[in-house]
Amino acid sequence: MYKLNQDETPLFDALMEYVARDTIPFHVPGHKKGQGIDAEFKKFIGENPFKIDVTVFKLVDSLHHPTGPIKEAQALAADAYGSDATFFSIHGTSGAIQAMIMSVVGAGDTIIVPRNVHKSVTAGIILSGAVPVYMQPELDKNLGIANGVLPETVEETLKENPHAKAVLIINPTYYGVSTDLKRIAEIVHSYDIPLIVDEAHGPHLKFNEKLPMSAMEAGADLCSQSTHKIIGAMTQGSLLHVRTKYVDIARVQQIMNLLQTTSPSYILMASLDTSRRQIALEGKELLDQAIELAGYVRQEINKIPGFYCYGEELLGQPGVYAIDPTKICITCRDLGITGFDLDMILSNKYHIQMELSDLYNVLAVGSFGDTRENMDKLLDALREISKEYINENTRKADFLDIPPIPKQVLIPREAFNGNKTSVPLKESVGEVSGEFLMAYPPGIPILCPGEVITEEIVNYVEDLKKTGLYVQGTEDPKVENILVVV
């Protein structure tokens, strides 16, 4: 299955050798193996993390110019995931996405992207100076979520924009919905351009046949994964995978060097090294357990009045080619409360923290770090909430139609860097936005720099704010004012 010995962890081993040598540190960081750390913080964290919090030197290699254990660790990750090359990103998947975009498009180049992209995609477009062309994903108005982009939509958009230099797809979505990525790869490659995949929520897909097909298996040319989101890396640890037919590996390395710190965390990189070993050797069994546990939870939620947790019954609906069963999306419309309400009840009353909430749903991310005991606590809380609200108000929350994609009159970089002035949001209709407006999480733009502000957008933002959902992106934290291009 693998060409390399996936039991090896060259970077972690190098750090362990450094510790075993009992080296006297005259290098940064200044805490010197924890000797200079605040006592209370050190007592909580313990001593070991500080022993491997080191800087660049020969034994532990350099992320920007890897020739030793980091190079070997990245090669092992490429072997595990089936790519031609893999890069460690300690800038998270946001940084990896920006690097992917900047590796294949430049100023004035057209890139085709779904509208429901994470803000890091738009940030990459701003940094590159590229021109975005947006595709509308399929919407599920019952659940109030965006599904995948259809292959037919990709094909039609490419026919209208044959000069495009790349296509970016989100797969799977935050909610675990996958499109027919293999078919999309075939369509994109027929235009002789690369397919980029934001696979933030799919670092586990490759390792269990019960999950949707991974981007590398589907034929993508670049993909980035939040290795910290589902599998065992630490927060900020992500992987960027490359195929070489349409992408220059040396170019990707150069861009990563531009974007990433020259003082990367070896703790984070070691967690990437060891989490790769874990998923490569134990992934199938661990994911079997996670899938089984999520299936149990889904089945039990659907017995609770007022709640619904979708599963395979959605397959075949527009934009739903496959579903990741570890994502547990709990819809509460029939209780007459919003997802944000449910999120706050679970957090404040039961001390259960969900991944995200929107107008209709809360999302629990399942992984092999979950336990039956914790899942039962979630189920018990949902049963109590159902009893409290089911007879009080069973009105379904009204669906809020997402405004149409506004007209783009400036490319994002021009608008973002242009002269701007702040005006009240309610008085901004017809102006050109100089910043973002987005519901967060998951950070999908309602408005991007360079787009004309419409009355529908202003009303939609006000409706979101009334429900208690987070709207952000503007310089004004209360989102009462917005910067517009002068």
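## Cysteines

Cys309 is buried in this predicted model, at 1% relative accessibility; buried denotes under 20% relative accessible area, exposed over 50%, and partly exposed the range in between, with a 1.4 Å probe and protein chains only. The closest cysteine sulfur to that of Cys309 belongs to Cys329 and lies 6.9 Å away, too far for a bond. Cys332 is likewise in no disulfide, its nearest cysteine sulfur being that of Cys329, at 9.4 Å. Cys332 counts as buried because its relative accessibility is 0%.

A disulfide is a covalent bond between the sulfur atoms of two cysteines. Here the term is applied to a pair of cysteine sulfur atoms within 2.5 Å, and the count by this rule is zero.

## Basis of the model

This is a predicted model, in which local features need pLDDT of at least 70 and side-chain atom pairs count only at pLDDT 80 or more, while totals for chains, interfaces and linings use all residues. Residues are numbered from 1 along each chain as its sequence is written, and side-chain values use heavy atoms, with hydrogens and water left out.

## Overall fold

The chain has 16 helices and 20 strands, taken as DSSP runs numbered from the N terminus (helices: H or I, at least four residues; strands: E, at least two). For 486 residues a compact globule would have a radius of gyration near 23 Å, and the chain agrees, with 23 Å; this radius is taken over C-alpha atoms, and the globule rule is 2.2 Å times the number of residues to the power 0.38. Along the principal axes, the C-alpha atoms fill a box of roughly 65 × 55 × 45 Å.

Buried residues account for 58% of the 486 residues. Of the contacts (heavy atoms within 4.5 Å) between residues at least 6 apart in sequence, 72% join residues at least 24 apart.

## An exposed loop proline

Pro477 is situated in the loop between strand S19 (471-472) and strand S20 (481-485). With a relative accessible area of 75%, Pro477 is exposed. Its C-alpha atom is separated by 37 Å from that of Asn161, 316 residues apart along the chain.
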